[in-house]
Amino acid sequence: MELSTFCLFIYICLQDLDNQIIQDRFFILLYIDLHLNYSYRIEYPWMSLIFFFILAICYAKSFLGGADIKYIVYAYVFLGFTHMLYMLMIANTCGLFYMYISNKKRIPFLPFLVLGTLILFYL
């Protein structure tokens, strides 16, 4: 994994933990980094638009935040559909475990998504 990608992952995690607001420019940097460093991994980039609209429905129902949706679309393009589903399972499991331990009703979910991405990238 490129150092620039890893640093962007860490920064958006810290932003989500701190104030749960991630500016769009960091997602633009992630997408630019994806196309510069990992363009060989992209199978169907046009499918990310369809997937984004499906996730927008989840945002409208307030299941996920806007940054979570943007990151899941990024992970779809970065990892592919099958690995993205595994990433979601890892993130959900870790997030539920954290909610159980901390007794919080709402948690920042983006760090768990990044953790799932890193686990799958290095396996």
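View 1. Read from the N terminus, the elements of the protein chain follow the order α-α-α-α-α-α, which amounts to six helices and zero strands. The model shown here is predicted, and the protein chain has an average pLDDT of 82, with 80% of the residues scoring at least 70. Among the elements, the lowest mean pLDDT, 67, belongs to helix α3 (residues 47-60), whereas the highest, 92, belongs to helix α5 (residues 81-102). Of the 123 residues in the protein chain, 41% are buried. Among the contacts in the protein chain with a separation of 6 or more, 65% are accounted for by residues 24 or more positions apart.

**View 2. Helix α1 against helix α6.** Helix α1 (residues 3-19) packs with α6 at an angle of about 155 degrees, the two axes being 8 Å apart. Because this angle is over 145 degrees, α1 is roughly antiparallel to α6. The crossing in which α1 passes α6 is left-handed. On the α1 side, the residues that meet α6 are Phe6, Phe9, Ile12, Cys13, Asp16 and Leu17, and their partners in α6 are Leu110, Pro111, Val114, Thr117 and Leu118. By residue class, this contact of α1 with α6 comprises nine nonpolar residues, one polar and one charged.

**View 3. Helix α5 against helix α6.** Helices α5 and α6 pack with their axes 8 Å apart and at an angle of about 130 degrees, so α5 is oblique to α6. The crossing in which α5 passes α6 is right-handed. From α5, the contact draws on His83, Tyr86, Met87, Leu88, Ile90, Ala91, Cys94, Gly95 and Tyr98, while α6 supplies Phe112, Leu113, Leu115, Gly116, Thr117, Ile119 and Leu120. The residues of this contact of α5 with α6 divide into 12 nonpolar and four polar, with no charged residue.

View 4. Thr117 is a residue of helix α6, which spans residues 110-122. The relative accessible area of Thr117 is 0%, and Thr117 is therefore buried, the cut-off for that class being under 20%. Leaving aside residues up to four places away in sequence, Thr117 touches Phe9, Tyr71, Ala75, Phe78, Leu79 and Met87. Thr117 is listed among the α6 residues that meet α1, and Thr117 is also one of the α6 residues in the contact with α5.

View 5. When residues up to four places away in sequence are not counted, Gly116 touches Met87 and Ile90, both of which belong to the α5 side of the contact between α5 and α6. Although Gly116 and Met87 are 29 residues apart along the chain, their C-alpha atoms are separated by 4.6 Å.

**View 6. Met84 in helix α5.** Met84 is found in helix α5, the element with the highest mean pLDDT. With a relative accessibility of 0%, Met84 counts as buried. The C-alpha atoms of Met84 and Gly116 are separated by 8.8 Å, the two residues being 32 residues apart along the chain.

Conventions
Residues numbered from 1 in each chain as written. Predicted model: local features only at pLDDT ≥ 70, side-chain atom pairs only at ≥ 80, totals over all residues. Heavy atoms only, no water. pLDDT = per-residue confidence, 0-100. Helix = DSSP H or I, 4+ residues; strand = E, 2+ residues; numbered from the N terminus. Buried < 20%, exposed > 50% of the residue type's maximum accessible area, 1.4 Å probe, protein only. Contact = heavy atoms within 4.5 Å. Axes fitted to C-alpha atoms, helices over the stretch in contact; angles between N-to-C directions. Parallel < 35°, antiparallel > 145°, perpendicular 65-115°, else oblique. Left-handed = near helix turned anticlockwise from the far one by under 90°. Nonpolar A, V, L, I, M, F, W, Y, C, P; charged D, E, K, R; others polar.
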